[in-house]
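Me: I've got a structure open and I'd like to go through it with you. Can we take it piece by piece?
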Amino acid sequence: MQGLVYIFIALATLGVAAAAYFGLTFSPIEAFVTAIAFGAVAVMLMERRLRQRSESRLERAVEDLARLLSTDAKAGQVLSQRVNAITDTNVGSRLESIEADISVLGTVTRQLAEAMADFEEARRAGDSRPAAVTAEPAGMSDDDSFHEPLIPEAELRAALDQNRLVFHIEPVVMLPARKPVGYDLVPRLMQDAGGLADAPDFMPRRGGEDLIRRIEALALEEAVTIARRSRTSGQPTRLFVPMSRATIADRKALDLVMATLVANQAITNSLAFAIQQAQFKALSAADKRALGEFGKSGAGFVLADVDSLRIDFAELQGLGFSTVRFDATRFLDRPETFTDFHTADVAPYARRFDIELCATGVIDEQQLLSLFEDGIGLVQGPHIGRPGPVRADLVVERPRESERRQA
C-alpha cells in the first residue's frame, strides 16, 4: 500500500514537471527543480503522516502493555499473599490435631461398640453382672479413705514454734532422658524421738486452716530462697510449692503470697504451686477468679492427685495450669477409671491445651516403659527418686521461737 502511494507521488511529480515546462514555459532545469521540490514536499508530508500513525499505534501498544503489567502485578500480589498464608499455616500441628481427633473418635466408637456388646451379653445373662460392674467403682476415690493425722494440732503448732518443720525435695523428671525438670517441696516434721513424719501424718484435714496457711507460707519462703540461691549459682531450679484452699480463700494470705512474688519477679517463673484436685473442686467462682489474677504474676500451677482425667482442660489452661498429675499404678491397671479415651490419646489431647500429664508414684521400670509408650513424658515416684534434704547452702536458716522471743 505504501509503495502505491510513492508511485502516485512520482507520477504527480512528472505531471508537475510537464505542466511547468509546457504550460508555464519553464526551462527544463526550472521544471525539473520544481518537480523535485514538489516530490520532496509530498514525500515529507507522507512520511510525517506515517510517523504519526506509528507513534499513535506505539502509544496504544504501550498502554495495553501497561494494563497487562498492572494486571500481572495484581495477580502476583494475590499469589504472594496466598503463598504467605500457606507458609504461615502450621500444617504439621493441624495434621496432628486431625490425627488425634480421628484416633480419639475411633477409640470412642470402638469403646461404644464394646460397651454395647457387653450390655447385650449382660442383658442376656441377667442382672448379676451389671450389678457387680456398677458396684466396683463406687469406692474408688473417697477423700475420707485417708487416715486422720497421727499428730494432733496442738503438737503440730508446738513443733512449728520450735522450728521442727523441714522441707525436702522430690524430683520430677522428663522421659526418656530422665532429666529433672523440677522438684516438689515436701514438708516433713522432725519428731522428738527421732525420725521424720510425712505430711499425711501431721497435716490437718478438718479445720486447722491457720496451721496449713503457716506451713504453706514457710514453703513459699523456702522455695524463694532456694530459687534465688540456685539462680545465683548458675543452676536455676523449678520448684513446686504446695498450696491449698486455706491460702487461696484467705484474702490476706493470698495478698502476702502476691507481695512475695512481686518482690521476687526475677525468680517467679521458677515457681509453680501444686493444688490437689479435691482442694481445687472446693474453690468457689470468686476463688477461681482470684486464682486467675494470681496466675498473671508469672507463677504456674499444677493440679495434683487427680482421680479422673475427665476434666475441663480449657478451664485449667485459662487459669494458668501447666501440669496435671495422677497415680501411675492406678492409671495403668484401671485406665477406664480415668478416661474414656485410649491411654495413648490422653496425653496428645492434653497437649492441645498446653498441659502436660505427669504420672506419680512410679514403682518400677515396666511402668516407665508403659507410660512412655502412652506419650506421658513427666514422671515422679520412688523408682525415680525419694524425697531428700536440700543442699545446706540453699536452705533457709530459721531461728526457733524461743530464740526469736529472746531477741
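Me: Let's start with Arg213. Which residues does Arg213 touch, not counting residues up to four places away in sequence?
Reply: Arg213 touches Ala246, Thr247, Asp250 and Ala253, with residues up to four places away left out of the count. Keep in mind that this is a predicted model.

Me: Where is the place of Arg213?
Reply: Arg213 sits in helix 7.

Me: How many residues apart in sequence are Arg213 and Leu254?
Reply: Arg213 and Leu254 are 41 residues apart in sequence. In space, they are 9.7 Å apart, C-alpha to C-alpha.

Me: Back to helix 7. At what angle do helix 5 and helix 7 pack?
Reply: Helix 5 covers residues 153–161 and helix 7 covers residues 209–232. They pack at an angle of about 30°, and their axes are 11 Å apart. That makes helix 5 roughly parallel to helix 7. The cut-off for roughly parallel is an angle under 35 degrees.

Me: What kind of crossing is it when helix 5 passes helix 7?
Reply: It is a left-handed crossing of helix 5 past helix 7.

Me: Which residues meet there, from helix 5 and helix 7?
Reply: From helix 5, Glu153, Leu156, Arg157, Leu160 and Asp161 take part. From helix 7, they meet Asp210, Leu211, Arg214, Ile215 and Leu218. The residues of this contact of helix 5 with helix 7 split into five nonpolar, five charged and no polar.

Me: Next pair. At what angle do helix 9 and helix 11 pack?
Reply: Helix 9 (residues 251–263) and helix 11 (residues 285–295) pack at about 10°, with axes 11 Å apart. Helix 9 and helix 11 are therefore roughly parallel to each other.

Me: Which residues of helix 9 and helix 11 meet?
Reply: Helix 9 brings Arg251, Leu254, Val257, Met258 and Leu261. Helix 11 brings Ala290, Glu293 and Phe294. By type, the contact of helix 9 with helix 11 has six nonpolar residues, two charged and no polar.

Me: New topic, Gln317. Which residues does Gln317 touch, not counting residues up to four places away in sequence?
Reply: Gln317 touches Phe353, Asp354 and Ile355 on that count. Gln317 itself is in helix 12, residues 313–319. Gln317 is partly exposed, with a relative accessible area of 34%.

Me: Asp354 came up. What is the phi of Asp354?
Reply: Asp354 has a positive phi of about 60°, although it is not a glycine. Most residues other than glycine have a negative phi.

Me: Where is Asp354 found, then?
Reply: Asp354 is in the loop between helix 14 (343–351) and strand 8 (356–360). Asp354 is exposed, with a relative accessible area of 59%.

Me: What about Asn163, what is its phi near?
Reply: Phi of Asn163 is near 60°, again positive in a residue other than glycine. Asn163 lies in the loop between helix 5 and strand 1.

Me: Is the peptide bond from Leu175 to Pro176 cis or trans?
Reply: The bond from Leu175 to Pro176 is cis, with omega near 0°. Pro176 is in the loop between strand 1 (165–174) and strand 2 (179–190).

Me: Last one. How many helices and strands does the protein have?
Reply: The protein has 16 helices and 10 strands. Of its 407 residues, 34% count as buried.

Conventions: Residues are numbered from 1 along each chain as its sequence is written. This is a predicted model: local features need pLDDT of at least 70, side-chain atom pairs count only at pLDDT 80 or more; totals for chains, interfaces and linings use all residues. Side-chain values use heavy atoms; hydrogens and water are left out. Axes are lines fitted to C-alpha atoms, for helices over the stretch in contact, and angles run from 0 to 180 degrees between N-to-C directions. Helices (H or I, at least four residues) and strands (E, at least two) are DSSP runs, numbered from the N terminus. Angles under 35 degrees count as roughly parallel, over 145 as roughly antiparallel, 65 to 115 as roughly perpendicular and the rest as oblique. A crossing is left-handed if the near helix is turned anticlockwise from the far one by less than a right angle, and right-handed if clockwise. Contact means heavy atoms within 4.5 Å. Ala, Val, Leu, Ile, Met, Phe, Trp, Tyr, Cys and Pro count as nonpolar, Asp, Glu, Lys and Arg as charged, and the others, Gly among them, as polar. Buried means under 20% relative accessible area, exposed over 50%, partly exposed in between (1.4 Å probe, protein chains only).
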